[in-house]
Amino acid sequence: MGTKSGVADRARRRISEDERRLRVDIADARRNAGLSQDAIGAACGISGSAEGRIETGVTRIVDIRTLAAMAAAVGLDVRLRAYPAGDPIRDAGQIRLLERLRARLHPSLRWSTEVPLPIDGDLRAWDALIRGDEWRIVVEAETVIDDLQALERHLALKRRDGREDHSILLVADTRRNRRALAAAPAVFGTFSRDARPILRALGSGADPGMSAIVIL
């Protein structure tokens, strides 16, 4: 999906906040257990003063293994796990794919990219949005289809949460993608697989009034 401005900065801020909370949790657990910084440092192979600097944030860059060891020494378990938080960035191929669709639009239509869902705190965004005077249709672009059923579920949730009636699944015209679509004719059952009507409508500036899979 697209290169979202600030995505890396947002991730860095979030992990910094998590790390700060972890340091506080370690310090609180150490004090509640009546343990000294020297005792925790010795258990982790560092000095007591180094343990103290890590707890207070004076030492800003710390190996996660050291933090995990300190946490274990005070009876805490540190686990790392990734959670869904939004859409991945787009690559150059997806940008070119979107431009191929944009080139087919009537000049009167308005085109926007990376359009967030209208939900506070939701990091998901539509790859593109096409607007007419009284209608809109969202676009999700895929250069490589790996799991068509998972993609259908993903798009259905975004349409539900974004309250969108119609959408375009824009797919790069490759042999692999055509095989994937042909192998699952029942998937995306509410989407037209004949892109010609929707492209004609968009080319004339009209409301397509439908959802479709468009291969370009």
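Visitor: Which residues line the second largest pocket?

Guide: In this predicted model, the lining consists of Ile15, Ser16, Glu19, Arg20, Arg23, Val24, Glu55, Thr56, Gly57, Arg60, Ile61 and Val62. The space inside is about 310 Å³.

Visitor: Which helices each supply at least two residues of that lining?

Guide: Helix 1 (7-32) and helix 3 (48-56) do. Helix 1 gives the most, with six residues.

Visitor: Turning to aromatic rings, what describes a pair of them?

Guide: Two quantities are used, the distance of the ring centres and the angle of the planes. A search of the whole structure finds one aromatic pair here. Phenylalanine 188 and phenylalanine 191 form that pair, with 5.0 Å centre to centre and 75 degrees between the planes. The pair counts as edge-to-face because the angle is over 60 degrees.

Visitor: Are phenylalanine 188 and phenylalanine 191 buried or exposed?

Guide: Both phenylalanine 188 and phenylalanine 191 are buried.

Visitor: Which residue lies over the face of tryptophan 126?

Guide: Lysine 158 does, at 4.7 Å from the ring centre.

Visitor: Where does arginine 124 lie, and why does it count as buried?

Guide: Arginine 124 is in the loop between strand 1 (110-116) and strand 2 (125-131). Its relative accessibility is 16%, and buried means under 20%, so arginine 124 counts as buried. The side chain of arginine 124 also makes a polar contact of 2.7 Å with the side chain of aspartate 161.

Visitor: What is the relative accessible area of isoleucine 213?

Guide: The value is 3%, so isoleucine 213 is buried. Isoleucine 213 belongs to strand 5 (residues 212-215). Between isoleucine 213 and serine 167 the C-alpha to C-alpha distance is 8.7 Å, while in sequence they are 46 residues apart.

Visitor: Next, backbone angles. What is phi of glutamate 114, and where does this residue lie?

Guide: Phi of glutamate 114 is near 50 degrees, a positive value in a residue other than glycine. Glutamate 114 lies in strand 1. With a relative accessible area of 25%, glutamate 114 is partly exposed.

Visitor: What is phi of arginine 163, and is this residue buried or exposed?

Guide: Arginine 163 is not a glycine, yet has a positive phi of about 55 degrees. Arginine 163 is found in the loop between helix 6 (148-162) and strand 4 (167-171). Its relative accessible area is 60%; exposed means over 50%, so arginine 163 is exposed.

Terms used. Residues are numbered from 1 along each chain as its sequence is written. This is a predicted model: local features need pLDDT of at least 70, side-chain atom pairs count only at pLDDT 80 or more; totals for chains, interfaces and linings use all residues. Side-chain values use heavy atoms; hydrogens and water are left out. On a 1 Å grid over the protein atoms alone, a cavity is a set of points where a 1.4 Å probe fits but cannot get out, and a pocket is an open set with protein on both sides within 12 Å along at least five of seven lines; lining residues have an atom within 4 Å of a point. Grid points are joined across faces, edges and corners, and a volume is the space filled by probe spheres set on the points. Helices (H or I, at least four residues) and strands (E, at least two) are DSSP runs, numbered from the N terminus. Rings of Phe, Tyr and Trp (its six-membered ring) pair if their centres lie within 6.5 Å; planes under 30 degrees apart count as stacked, over 60 as edge-to-face and the rest as tilted. Buried means under 20% relative accessible area, exposed over 50%, partly exposed in between (1.4 Å probe, protein chains only). A charge sits over a ring if NZ of Lys or CZ of Arg is within 6 Å of the ring centre and within 35 degrees of the ring normal. A polar contact is a pair of N or O atoms within 3.5 Å; within protein, one must be able to donate a hydrogen and the other to accept it, and residues adjacent in sequence count only if both atoms are side-chain atoms.
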